[in-house]
Amino acid sequence: MTRDFGRRAAASGLGRRVVLAAAALLVAAPALANDPKTLRVVMHSDLKILDPVWTTAYIGRNHAYMIYDTLFALDEKLQPQPQMIESFTVSDDKLTWTFKLREGLKWQDGQPVTTADVLPSIKRWTDKDTLGGLLAKSTQEMKAIDDRTFQIALKEPFGLMLKALAKPSSVPLFIMPRRVAETPISQQISDTTGSGPFIFKKDEWKPGEKVVYVRNPDYKPRAEPASGLAGGKVARLDRVEWVSMPDSQTAINALANGEIDMIEQPAHDLLPLLEKDMNVEIIIPDKLGNTYILRFNWKQPPFDDVRYRRAAALALNQEDFLKAVIGDPRYFQVCRTMFGCGTPLENSAGMDGVLNSDFEASKKILKEAGYDGTPIVVLQSTDLAVLTNLAPVAKTLLERGGFKVDMQSMDWQTLVGRRAKKVPVAQGGWNIAMTASTAVLLLDPVNNHYAEASGDRAQFGWPLDEEIEKLRAAFIRESDPAKQLEIAKKVQERIIGQGVTIPLGQYVQPMARRKGVTGNLTAPVTVFWNVEKK
């Protein structure tokens, strides 16, 4: 949520210059909108940073999927599949992994993609990404065997190898040319040479106005049908333009008038307007969507005591949050799991009795714990539609459960700074903060950073639990899916029992497109291969 959700809100206060810029773009729109080989899209955010490793912003990730390729990718069923890789083997002791690149892979400048590019790309990724860092700690050596074959030798089995290499978001492993991949992680890259299905037109990039991509004529898709982020990435469009329109109503009018072809993330409360338009259809490409998260501050009373965390979990329920924020039940679901509903590790361990708004049980625990009525500080974000109503619901439910609540309101960026503080409440600290995370980042105890309980290294709230960390380490070493599920159940039971994180439900983000546009894939990332326009 700290990364990209903040940019999804309509920036209605950006001023007249933004509106005039959008209007200027629309003057030239009709001709392009009628071109069946050009797609004009309003994305959730403006592209400002080109380095998908340096930033974790979702718009930077989406940009990277246009121009780069990955070694592996998740298919529609969230299973890792080879992408740039032709074949791979793993030794019987699971310590040596050997990978072979597909033949004919080229950079857009015509040079071949080789293992000399792959190895520094992996190194730069492991220097930044949490899961990549865990892989690096387990790695003895990475080496090239020849131009198309490389090997990763491990110190100990790493059961998440393929999932790590196929990680879809924040931060995926994108393969870059050696000269680019060797850029220190502290510096942003400027060379955008890629080997993916589209080419970034840097000369046409105008931050705040538009981003342009053209089809890469030398890209060699896989033979398999496209599935999720895997399979054949066939570019059926010659040109894709990301058009900046911060005002939601301006974007909706442009879509209705045929001046643009797609809105990636229309606001939920404006969907009824789009549904009335016979030339527009609403689809949901990311079936998993996002999960709301509540975190306690373990460093400050009263939630430094597990009894208070338990009382709060008993007082809450998911449905009230989802109705207040999303509203339309078509776009949300009660989801009592830490790893996302509809995922391989979905389970209900530890959920008995919690999230049912059992106010009397909550009051009983508070009485036994000797709660003195000191108000707990709940932080509210006021400028993001997908977050604003979370805190008022929490306040109501917690008060009915016996707590006194001081809801403190602020804009999202201020809240992000506030929740990073470990100081007492009286000095500007906090007790409860809430956010949302894309569900694809919550799929297992290791990727899910809200499952981490390593104290000061953990996410805001800083939970500390050695048992959870031991289980997460065991999950890394395990490769058997059935055994991974059993570990995940134990992790979730401990998370809920100790009050590390409280999931508040799952919701999806619809996309709006003109009816002549087809081919958007079911995937956790908006991609434009396979998309057609008629």
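Ser357 is buried in this predicted model, with a relative accessible area of 16%. The cut-off for buried is under 20%, so Ser357 falls inside it. Ser357 sits in the loop between E16 and helix H12 (359-369). Its phi is positive, near 50 degrees, and Ser357 is not a glycine.

**Backbone features in loops**

- Leu78 also has a positive phi, about 65 degrees, although it is not a glycine.
- Leu78 belongs to the loop between strand E3 (72-74) and strand E4 (80-82).
- The relative accessible area of Leu78 is 12%, so Leu78 is buried.
- Ser170 and Val171 are joined by a cis peptide bond, with omega about 10 degrees.
- Val171 lies in the loop between helix H6 (161-165) and strand E9 (174-175).
- A cis peptide bond also runs from Pro301 to Pro302, and its omega is near 5 degrees.
- Pro302 is placed in the loop between E15 and helix H10 (306-315).

**The disulfide**

- How many disulfides does a search of the whole structure find? The search finds one.
- The disulfide is formed by Cys335 and Cys341, whose sulfur atoms are 2.2 Å apart.
- A disulfide is a covalent bond between the sulfur atoms of two cysteines.
- The link of Cys335 and Cys341 is right-handed, with 120 degrees about the S-S bond.
- Cys335 is buried, at a relative accessible area of 2%.
- Cys341 counts as buried too, at 10% relative accessibility.

- Strand E17 spans residues 376-381, and six of its six residues are buried.
- Ile376, Val378 and Gln380 point one way from E17. Val377, Leu379 and Ser381 point the other way. All of these residues are buried, whichever way they point.
- E17 pairs with strand E18 (residues 405-410) in the parallel sense, over six bridges.
- From E17 the chain passes through helix H13 (residues 390-400) to reach E18. This β-α-β crossover is right-handed.

**Ser381, a residue of E17**

- Ser381 is found in strand E17.
- Is Ser381 buried or exposed? Ser381 is buried, with a relative accessible area of 4%.
- The side chains of Ser381 and Asp383 are joined by a polar contact of 3.2 Å.
- Leaving aside residues up to four places away in sequence, Ser381 touches Leu387, Thr388, Met410, Trp412 and Leu415.

**Helix H11**

- Helix H11 covers residues 318-325, and its buried residues are Gln318, Phe321, Leu322 and Val325.
- Why do they lie on the same side of H11? They cover an arc of only 95 degrees around the axis, and this puts them on the same side.
- An α-helix has 3.6 residues a turn, so residues three or four places apart point the same way.
- The buried residues of H11 pack against several elements. These are strand E15 (290-296), strand E16 (332-333), H13, strand E19 (432-438) and strand E20 (502-507).
- Asn317 caps the N-terminal end of H11. A side-chain oxygen of Asn317 lies 3.2 Å from the backbone nitrogen of Glu319.
- Gly327 follows H11, and its phi is positive, near 85 degrees.

**An open sheet**

- Seven strands form an open sheet in the order E10-E11-E12-E1-E13-E21-E14, with mixed pairing.
- Strand E10 (198-200) and strand E14 (280-283) stand at the edges. Each has a single partner strand, so one side of each is left without a neighbour in the sheet.
- E14 and strand E21 (residues 511-514) run antiparallel, joined by four bridges.
- Within that pairing, Ile282 has Ala512 of E21 as its bridge partner.

Notes. Residues numbered from 1 in each chain as written. Predicted model: local features only at pLDDT ≥ 70, side-chain atom pairs only at ≥ 80, totals over all residues. Heavy atoms only, no water. Disulfide = S-S within 2.5 Å. Buried < 20%, exposed > 50% of the residue type's maximum accessible area, 1.4 Å probe, protein only. Helix = DSSP H or I, 4+ residues; strand = E, 2+ residues; numbered from the N terminus. Pairing = 2+ DSSP bridges. Right-handed = clockwise from strand over helix to strand, strands pointing away. Arc of directions from axis to C-beta. Contact = heavy atoms within 4.5 Å. Polar contact = N/O pair within 3.5 Å; in protein donor to acceptor, adjacent residues only side chain to side chain.
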